[in-house]
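Visitor: Could you walk me through this structure? I would like to begin with how charged side chains pair up.

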Amino acid sequence: LRAYPQAELPGEDLVVACALVERDEHGVRLLARVTDEPVAFVRDYGRRLLTAVLPLLDRGIALEAHGQNMLVRFRGGQLMGFAVRDFGGVRIHRSTLQEPLELLEGSATDAATIEEVWAKLHHALFQMHLGELIRAAEELQPGCDEALWQGLADQVRSSLRGDARAFFLAPTAPTKCFLRMRLEEKYSQYITRPGPNPLAGLT
């Protein structure tokens, strides 16, 4: 059971982010029903979402910002921002946080390295959220994907620095092997392999 988030945001309509890429009974994507300009919408959406989650990396925190955990906030049909839920997937590198934080021994929240935090966010945010939204926009307006990825890469470049920036713009990124994890009965311990990074090579 989840708390009803609408009570915290009166006057706003909340949509589970992953619903935007789904289709209705007529095969029409919800994205096409919330905007007549999918490229402009996704560009604004990505800018707002990255502005919300990237600064947390400086404190060693990665939200599990995939489409199921992020709620898109609309007011009068206009995109306002996001609400986040389900903190079970958050990763925190306590040495980077440098604040008292008590976690149970073996907690999945406790990241052993800062790279684990970065990998968590890259997977949830870019691979499982924005990537799906860009693919939906590409279907509605073919040829827009490269420009949308370029905008995200530019924002990553301006928001992050040092090793974090290099990680997010590297040619490959850790990609979760879901089937192998299921076969090996792993849940909080990820199995990954390098996969192509759509943010790479964009200047």
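Guide: The structure, a predicted model, holds 14 salt bridges. A salt bridge here is a side-chain nitrogen of Lys or Arg within 4 Å of a carboxyl oxygen of Asp or Glu.

Visitor: What should I know about the model before going on?

Guide: As this is a predicted model, local features need pLDDT of at least 70 and side-chain atom pairs count only at pLDDT 80 or more, while totals for chains, interfaces and linings use all residues. Residues are numbered from 1 along each chain as its sequence is written, and side-chain values use heavy atoms, with hydrogens and water left out.

Visitor: Which residue forms a salt bridge with R75?

Guide: The partner of R75 is E12, with the closest N and O atoms 3.3 Å apart. R75 sits in strand β3 and E12 in the segment before β1, so this pair links parts of the chain 63 residues apart; helices (H or I, at least four residues) and strands (E, at least two) are DSSP runs, numbered from the N terminus.

Visitor: Is E12 buried or exposed?

Guide: E12 counts as buried because its relative accessibility is 5%, whereas R75, at a relative accessible area of 38%, is partly exposed. Buried means under 20% relative accessible area, exposed over 50%, and partly exposed in between, with a 1.4 Å probe and protein chains only.

Visitor: And where is the pair of E64 and K120?

Guide: E64 is in the loop between β2 and β3, and K120 is in helix α4, 56 residues apart. Their closest N and O atoms are 3.0 Å apart, and both E64 and K120 are buried. Elsewhere, salt bridges that share partners join E12, R73 and R75 into one network.

Visitor: Let us change topic. What is the strand order of the open sheet of 3 strands?

Guide: The order is β1-β3-β4, with antiparallel pairing. Two strands pair if DSSP finds at least two bridges between them. The edge strands, β1 (13-16) and β4 (78-84), each pair on one side only.

Visitor: How many bridges join β1 and β3?

Guide: β1 and β3 (residues 70-75) pair over 4 bridges, and V15 has V72 in β3 as its bridge partner.

Visitor: Which helix lies across β3 and β4?

Guide: Helix α2 (residues 38-53) does, running at about 35° to β4. Axes are lines fitted to C-alpha atoms, for helices over the stretch in contact, and angles run from 0 to 180 degrees between N-to-C directions. Contact means heavy atoms within 4.5 Å.

Visitor: How many residues does the largest nonpolar core have?

Guide: The core has 50 residues, and those with the most contacts inside it include Y45, L121, L125 and F168. A nonpolar core is a set of buried Ala, Val, Leu, Ile, Met, Phe, Trp, Tyr and Cys residues joined through side-chain atoms within 4.5 Å. The largest share, 12 residues, comes from α4.

Visitor: What does L125 touch?

Guide: Leaving aside neighbours within four places in sequence, L125 is in contact with L49, L50, V53, A65 and L130.

Visitor: And the protein as a whole?

Guide: The protein has 7 helices and 7 strands, and 43% of its 203 residues count as buried. Among contacts between residues at least 6 apart in sequence, 64% join residues at least 24 apart. The C-alpha atoms fill a box of roughly 45 × 45 × 35 Å, taken along the principal axes.
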